[in-house]
Amino acid sequence: MASPSVQLGQTIASGSKAEENKVEKDISFYLPLYKAAIRGDWETAKTFFELNPDAITATIARNLESVLHVTAARTEAIQFMDELVRRMPPGALSQTDKFKQTALHVAAKYGNVKAAKLLVDRDPGLPNLWDSSDLLPLHLAALFGHKETLSYLLTVTSANVQPNPFSDVPGLTLINSVVTFGFYDVALDLLQRNPKLATTKYRGTKTPLSIIAGNTSAFPSGACLSFLQRVIYHRVPVKLKKFSGLKRGQDIENQSQTTRKKLSSVCSKLHSSFWEVIGTVPYVKHIHDLKSTHHQAIKLVKCLCREVIQVENLKSGAIIKPAITWATILGTYEVVAEILKSFPGAIWALDQDHHDLFQLAVMNRQETIFNLLYDLDEHAHLVTQNVDNFEDNILHLAGKLAPPRRLSLVTGAALQMQRELQWYKAVEQFVRPSYKVKENSAGKTPAMVFTEEHKDLVAEGEKWLKDTANSGIIAAVLIATVGFASAITIPGGNRTDNGFPIFNRQKPFILFAFANSLSLCASTASVLMFLSILNSRCAEADFLFTLPNKLIIGLINLFLSIASMMIAFGATMYIVFGRGKSLIIVPLALLACLPVTLFISLQYGLLKDMIKSTYGPSIFGKPSKSFIADKAEG
């Protein structure tokens, strides 16, 4: 005979099985209603409710959801929701599922703001009900990034419930989610409700300042804009508001204004009207929204720093240090500038490996951050003093290979190697002579570290250069061949009596002769430069100037040869077929421009980067006084 405990276990197991069978039966029974709720088919659901009145509050899904839960997840079924809510008995709207979530939780999770408004209008207490994870609908809307729903729930959620949804852990969850999704205007509103959210920490959870420091795209320095986008960005106002006319009470006063003020008022009106119209263009509106986001992000950083500085101290640095080190690693210039403006002592913040900000900037190849830090004149002479846990000084760190995310920003292995050399040489100017030969814990000097870390990149750079040179030689030789042949067999032929060209006195022929000669000479020079690359050594130092300089000269000559060859082609076609037909010039010019345009579109980016990198200014700019304050204010 089984023991009482065994009998009790068997009884519980059989009861659970029976309950499971009952749930499965119920779910199967309510399947037509479930499908109708998903489709938003109210007529089918209405018929089902007439036959089964209890179905309106029954469990119809495995996680104990009611038909109201299912409908709240469907933004298309708003009419269904409206009819359903009006027929729900009192108190039924607060019915919860397996996770203690009401239909409002589900609507918030899926961003169904219309359903949320219907539910709250019928039961104003729904926004203040917590689920099993201690989350309100407000928190779910933030966690899933539904700004419109979140903005609405902020207006109907009470701050008097316990625990307070806008403070401590719930408040930190809320503001961290908001900052993560880039809702910076909402984050500013939350900080106004509870400024302590800026300094709240919980079990290693990131602070809002650390989160925004990691979002480089939230700031102007992280925006990748084209030339046209940059022009519009700097011109478009942050707020596109309609021009507001002057009030009647101001008419008498305005009559006494000077002509300059009247002109200024007219210009202001025209300016506002212009941006009011052009701001409706999607392309411009996108840039305007981006600029507004950047301004909100900078304003949020300033607000966070203002709150943090009231409770933070240099020794603990629990909030400031993680934020500024993370911003330095990612190159979030505006965050670093604002933190240093509010807390200058943060310049000596160290990470877990004892790297200071200067070293982090060098390790992650963030030249703008290094320039910002070095602008503090009183600290500049100490930039090379620190060594990390492995006894690496700043030159050792400059000798290490850049992170892939930074290395990939430069086109081609040869230019990547050139950039690495430029970093090493630039940092070398700041260190003491003794640091250049100082060994780390592994017994390696900075030069040894650089050679070891970059040996693979040197090989890749050599291969890239020679492949590029080989491709250039093929094109240049073909152009040179065509140019030489054209010089011998000139268009129109020669006179039989004296051997002079038939069209030698015509202007198109002179243009042909000049363009063809330029094409032949430029292509020949290009061949020679590419050949010199193939025959050159590819040591580390050669990537700094010698090899890129040869490649630049070769590509420029190749471009000149292609352009002049097409000019010679156009002149020839006009001489032979276009005499007395001026309209033929237009299609000839378009045809001649096609390969030149293709070459520019395909090679301009590479050529521009090489010229800027080879002949441009140094990586580190000259320090300027009050640099941090000016930039932070801007």
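Q: Is glutamate 83 buried or exposed?
A: This is a predicted model, in which local features need pLDDT of at least 70, side-chain atom pairs count only at pLDDT 80 or more, and totals for chains, interfaces and linings use all residues. Residues are numbered from 1 along each chain as its sequence is written, and side-chain values use heavy atoms, with hydrogens and water left out. Buried means under 20% relative accessible area, exposed over 50%, and partly exposed in between (1.4 Å probe, protein chains only). Glutamate 83 has a relative accessible area of 18%, so the residue is buried.

Q: How far apart are the closest N and O atoms of arginine 87 and glutamate 83?
A: A salt bridge here is a side-chain nitrogen of Lys or Arg within 4 Å of a carboxyl oxygen of Asp or Glu. Arginine 87 and glutamate 83 sit 4 residues apart in helix α5 (residues 78-87), so about one helical turn separates them. Their salt bridge brings the closest N and O atoms to 2.7 Å.

Q: Which residues are linked in a network of salt bridges?
A: Side chains of opposite charge can pair when their charged atoms come close. The network's members are Asp82, Glu83, Arg86 and Arg87.

Q: How many residues apart in sequence are the parts that glutamate 367 and arginine 419 tie together?
A: Glutamate 367 forms a salt bridge with arginine 419, with the closest N and O atoms 3.3 Å apart. Glutamate 367 belongs to helix α20 (residues 367-374) and arginine 419 to helix α24, so the parts joined by this pair are separated in sequence by 52 residues.

Q: What is the relative accessible area of aspartate 542?
A: Aspartate 542 pairs with arginine 537 in a salt bridge whose closest N and O atoms are 2.7 Å apart. Arginine 537 is exposed at 59%, whereas aspartate 542 is buried, with a relative accessible area of 9%.

Q: Where is the kink in α28 centred?
A: Helices (H or I, at least four residues) are DSSP runs numbered from the N terminus. Helix α28 (residues 585-615) has 31 residues, yet its end C-alpha atoms are only 39 Å apart, short of the 45 Å that a straight helix would reach at 1.5 Å a residue. The bend at a residue is the angle between axes fitted to the seven residues ending there and the seven starting there. The kink in α28 is about 55 degrees, centred on glutamine 603.

Q: Which helices do the buried residues of α28 pack against?
A: Among the buried residues of α28 are Leu588, Phe599 and Met610. With contact meaning heavy atoms within 4.5 Å, the buried residues of α28 pack against α24 (413-428), α25 (446-488) and α27 (546-577).

Methods. Helices (H or I, at least four residues) and strands (E, at least two) are DSSP runs, numbered from the N terminus. The expected span of a helix is 1.5 Å times one less than its number of residues.
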